[in-house]
Amino acid sequence: MAITGVLRPGHTQLRVLDLEESVKFYTNILGLVETGRDGTGRVYFKCHDERDHHSFIIRQADRSGMDFYGLKVSNNETLSKLEADLNAYGVATERMPAADILETGERVRFVIPTGQVFELYAEKSELGDGLGYINPDVVIEDRKGISPLRLDHWQMHGSDLDGSRDLFINVLGFCLVERILSEDGKSDMAVWLSCSNKAHDVAFVRDERDNKLHHTSFLLETWEHVLRAADLMAKHRVSVDIGPLRHGITRGFTIYAFDPSGNRFETFCGGYAFYPDMRPYTWTWDEVGTAIFYHTRALNERFLTVVT
């Protein structure tokens, strides 16, 4: 599949309550690589298998949650085209200057109907994965903690799910992969969307609370790595929401847990390959437990209600 336009989730900026405690958590337990700090006090990280300068930024704040979500696009021509397409669709945009965040070019920022701040960008400095580009090795040494491969996807909550779904499909070129129908059997309660051949890159859940983060997901390589993540979470007394379990939706394997500030994150592996000619899967309301947690076929209250 030729991936053009929006390529993937590229970066995100998270609010934390204690910066240095969070640096230790994301470095030593989750196993991200710190790549820089800027004059505002923000700390930048990448996953071991990622090549760009960063995918994850944290900053000190008095409340947890997400500041913004960044999508990488294929080039500057695409960035300008999507900016024009957003404006024609009725979405106001703002150009953020190059180097406003470290090692990153201009970004096009906008607010989506569920309230989250998104931005598109084309340029970011490349650090590489440490394996080299000529006759590369396959083993990344000196890995700490859980050590995910990459930032994988987000789940966000807000009231105007239909508006965000349609914006991502009609303007940004995402495809609908799976959906859960509401109790009325007609409207969407939740949707999973992909801009690639992954099972999803973003997910939206209908919720009266706008601009909320449910979780940030980090990709692991195998089910065995998910189980190892569970061991490390237990060893370090990480607050686990639920898992290890399997999803019905995407068929992926998962653990949901919380960072020290109460932001939920996911360690995830698996999921089927998706192509744009595939018909979306639909789950009915009576099978929502199976859709989310295939093994237990039930949801816990915390998973349904806690967002930041």
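Biologist: Which residue in strand 3 does Glu34 stand opposite?

Modeller: In this predicted model, Glu34 stands opposite Phe45 in strand 3.

Biologist: What makes strand 2 and strand 3 a pair?

Modeller: Two strands pair if at least two bridges are found between them. Strand 2 (residues 33-37) and strand 3 are joined by 4 bridges, so they meet the requirement. The two run antiparallel. They form a hairpin, with 5 residues between them. In the turn, Gly41 has a positive phi of about 95°.

Biologist: Which way do the residues of strand 3 point?

Modeller: Val43 and Phe45 point one way from strand 3 (residues 43-46), while Tyr44 and Lys46 point the other way. All of them are buried.

Biologist: Where is Cys47, and why is Cys47 called buried?

Modeller: Cys47 is in the loop between strand 3 and strand 4. Its relative accessibility is 0%, and buried means under 20%, so Cys47 counts as buried. Not counting residues up to four places away in sequence, Cys47 touches Leu32, Ser55, Pro148, Leu149, Arg150, Leu151 and Phe218.

Biologist: What makes Thr12 buried?

Modeller: Thr12 lies in strand 1 (residues 6-16). The value for Thr12 is 0% relative accessibility, against a limit of under 20%, so Thr12 is buried. Beyond four places in sequence, its contacts include Ser55, Phe68 and Trp154.

Biologist: Why does Leu245 count as buried?

Modeller: Leu245, found in strand 14 (residues 239-246), has a relative accessible area of 9%. That is under 20%, so Leu245 is buried. Leaving aside neighbours within four places in sequence, Leu245 is in contact with residues including Trp223, Phe253 and His295.

Biologist: How many aromatic pairs are there, and why is the pair of Phe25 and Tyr26 called edge-to-face?

Modeller: The whole structure holds 17 aromatic pairs. The ring centres of Phe25 and Tyr26 are 5.1 Å apart, and a pair needs centres within 6.5 Å. Their planes stand at 90°, and over 60 degrees counts as edge-to-face, so the pair takes that name. Both Phe25 and Tyr26 are buried.

Biologist: What makes Tyr272 and Tyr281 edge-to-face?

Modeller: Tyr272 and Tyr281 are 5.8 Å apart, centre to centre, with 80° between the planes. The limits are within 6.5 Å and over 60 degrees, so this pair is edge-to-face.

Biologist: Are Tyr272 and Tyr281 buried or partly exposed, and why?

Modeller: Tyr272, at 12% relative accessibility, counts as buried, because buried means under 20%. Tyr281 has a relative accessible area of 41%.

Biologist: Which residues form the aromatic cluster with Phe25 and Tyr26?

Modeller: Phe45, Phe56, Phe218 and Phe265 form one aromatic cluster with them.

Biologist: How do you know that Arg107 lies over the face of Phe68?

Modeller: Arg107 is 5.7 Å from the ring centre of Phe68, and the distance must be within 6 Å. Arg297 likewise lies over the face of Tyr294, at 4.9 Å from the ring centre.

Key:
Residues numbered from 1 in each chain as written. Predicted model: local features only at pLDDT ≥ 70, side-chain atom pairs only at ≥ 80, totals over all residues. Heavy atoms only, no water. Buried < 20%, exposed > 50% of the residue type's maximum accessible area, 1.4 Å probe, protein only. Contact = heavy atoms within 4.5 Å. Phe/Tyr/Trp six-rings, centres within 6.5 Å; stacked < 30°, edge-to-face > 60°. Lys NZ or Arg CZ within 6 Å of the ring centre and 35° of its normal.
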